[in-house]
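Dear colleague,

Here is the structure I promised to send over. Please have a look; my notes follow below.

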Amino acid sequence: GGASSRAITLREGSMMPYNAQATLHAQRALWSLLLPCSVHGRVTDIWRAYFAQRLLWDVGLRLAFSPPWVVQFRNAHNYLADFNSEVPLYQQAGALVGALLRWQPAARTLPGRFEELYVHMYELGIVGLSDVRLAQAWLADLDRIGYPFPPILDRPPRAVKPARSGGVRERHGERRAATSGAGQAT
């Protein structure tokens, strides 16, 4: 296809929420699939998206968005109940993104940073202690099956500055705005 069929990637310092529907994750990003369990199901995938994006930068990976390739037919449901379940997204997302952009991890491995991030999110009241324990069990399981965690890039630790102009760039160099599509770790 034309320009509308190309994927776009987010620059380091740019964050965009994505959900768990119609997403692809590269094998190098398998570690990022853990969904927090202490928050509502309508919030869990969005929090995971933000956590994953921050850690993807540390291993040189990026999030990409493509045009949608599925059509969703929604069942009748209570939209007000959906909204009420999503209140933490509206109340905490800005502070969460700010905290992730300022976060300067001490760990030198991805598993160490993953655990450190979950502890930090617990300390900020974003997730519960059960999520810290779940993250530790997830990392242990991945280690047990021999999953090869990507190495942390060799660069000095620093806070990530937010990208300007929305931070979206088209994979082939042309700037575009991301309005739809599924999140992909590339």
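What pattern does the protein chain follow, read along the sequence? The order is β-β-α-β-α-α-α-α-β-β. That comes to five helices and five strands. Keep in mind that this is a predicted model.

Some overall numbers. The protein chain has 186 residues, and 42% of them are buried. Take the contacts with a separation of 6 or more: 82% of them link residues 24 or more positions apart.

Next, a helix pair. Helix α1 covers residues 41-58, and helix α3 covers residues 87-102. The two pack at an angle of about 10°, and their axes lie 11 Å apart. Angles under 35 degrees count as roughly parallel, so α1 is roughly parallel to α3. Which residues in α1 meet α3? They are Arg 42, Val 43, Ile 46, Trp 47, Tyr 50, Phe 51, Arg 54 and Trp 57. On the α3 side, the partners are Pro 88, Leu 89, Gln 92, Ala 93, Leu 96, Val 97, Leu 100 and Leu 101.

Last, the surface. Leu 24, Trp 69 and Val 70 form a nonpolar patch there. Together they have about 300 Å² of accessible area. Leu 24 belongs to strand β2, residues 24-25. Its relative accessible area is 47%. Patch residues need over 30%, so Leu 24 clears that cut-off while counting as partly exposed.

Best regards

Methods: Residues are numbered from 1 along each chain as its sequence is written. This is a predicted model: local features need pLDDT of at least 70, side-chain atom pairs count only at pLDDT 80 or more; totals for chains, interfaces and linings use all residues. Side-chain values use heavy atoms; hydrogens and water are left out. Patches are made of residues with over 30% relative accessible area and no salt bridge: like charges are joined within 9 Å, nonpolar side chains (Val, Leu, Ile, Met, Phe, Trp, Tyr) within 5 Å. Accessible areas come from the Shrake-Rupley method with a 1.4 Å probe; for residues, only the protein chains shown count as cover. A salt bridge is a side-chain nitrogen of Lys or Arg within 4 Å of a carboxyl oxygen of Asp or Glu. Helices (H or I, at least four residues) and strands (E, at least two) are DSSP runs, numbered from the N terminus. Buried means under 20% relative accessible area, exposed over 50%, partly exposed in between (1.4 Å probe, protein chains only). Axes are lines fitted to C-alpha atoms, for helices over the stretch in contact, and angles run from 0 to 180 degrees between N-to-C directions. Angles under 35 degrees count as roughly parallel, over 145 as roughly antiparallel, 65 to 115 as roughly perpendicular and the rest as oblique. Contact means heavy atoms within 4.5 Å.
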